[in-house]
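Subject: Model handover

Hi,

Here is the structure you will be working with. My notes follow below it.

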Amino acid sequence: MEVAANIVWKGGMRLLAEGQSGHQVLLDSAQEFGGTGFGARPTELLLFALAGCMTIDLLLVLKKSHQDPDSLSVSIQATRSDQDPKIFNQITLEFHIQGPLVTQQKVDMSLKLSKDKYCSVYHMLLPAIQVSTKVFLNQ
C-alpha cells in the first residue's frame with residue numbers, strides 16, 4: 001500500500017503539507033529558528049499523530065463494545081533529548097474519559113489492542129521511544 005504526501009514551501013519557514021486525504025496542515029518553526037510560529041511544529045505533529053491514532057483505536061473498540069463515552073480528551077507529555085537530534089525519549093498519553101457505560105476493563109483492553117495490534121504510529125516509534133498511557137475514568 002502506497003501513501004503519498006506533498007509539502008510546498010510558503011516562504012520563511014512556513015510549509016504547507018497535504019496528504020492523500022486532501023487535508024492540509026500548516027507547519028512552521030519557532031521564531032528563534034526563523035519561523036513565525038503560525039503553524040504547528042513537525043515534532044508537535046508527531047505527538048498529535050500518536051495520540052490521534054491511539055484515540056481512534058480506543059473509540060472504535062469501545063464503540064464495538066457499546067461503550068460510547070460522553071467525553072474524551074488526551075493530555076500529552078513528552079521529554080526530549082538535550083542534544084541534537086533532540087529526539088523524544090519518552091511520551092505519556094493521559095486519557096480522560098467520561099461515560100456511565102465505559103468500564104476501566106474495556107478501556108484497558110482497547111489501549112492494549114491499540115499498542116499490540118492497531119496503532120501504526122505507535123509501532124513506528126518503537127523501540128526508540130518509550131510510550132506509556134494513563135487512564136482517568138469518571139463515570
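Pro 127 sits in the loop between helix H3 (120-125) and strand S6 (130-138). Helices (H or I, at least four residues) and strands (E, at least two) are DSSP runs, numbered from the N terminus. The peptide bond joining Leu 126 and Pro 127 is cis, with omega about -5°.

This is a predicted model: local features need pLDDT of at least 70, side-chain atom pairs count only at pLDDT 80 or more, and totals for chains, interfaces and linings use all residues. Residues are numbered from 1 along each chain as its sequence is written, and side-chain values use heavy atoms, with hydrogens and water left out.

There is another cis peptide bond, from Asp 84 to Pro 85, with omega near -5°. Pro 85 belongs to the loop between strand S4 (71-80) and strand S5 (88-98). Check His 66 too: its phi is near 60°, a positive value in a residue other than glycine. His 66 is in the loop between H1 and S4.

Overall fold: the protein chain has three helices and six strands. From the N terminus on, the order is β-β-β-α-β-β-α-α-β. The C-alpha atoms fill a box of roughly 50 × 35 × 30 Å along the principal axes.

Now the helix packing. The axes of H1 (residues 42-64) and H2 (residues 104-118) come within 9 Å and cross at roughly 125°. Axes are lines fitted to C-alpha atoms, for helices over the stretch in contact, and angles run from 0 to 180 degrees between N-to-C directions. H1 is therefore oblique to H2 (under 35 degrees is roughly parallel, over 145 roughly antiparallel, 65 to 115 roughly perpendicular, the rest oblique).

In H1, Met 54, Asp 57, Leu 58, Val 61 and Leu 62 meet residues of H2, among them Lys 106, Met 109, Leu 113 and Tyr 118. Contact means heavy atoms within 4.5 Å. The residues of this contact divide into nine nonpolar, two polar and three charged (Ala, Val, Leu, Ile, Met, Phe, Trp, Tyr, Cys and Pro are nonpolar; Asp, Glu, Lys and Arg are charged; the others, Gly among them, are polar).

Last item: Arg 80 lies over the face of Phe 88, at 5.5 Å from the ring centre. The criterion is NZ of Lys or CZ of Arg within 6 Å of the ring centre and within 35 degrees of the ring normal.

Best wishes
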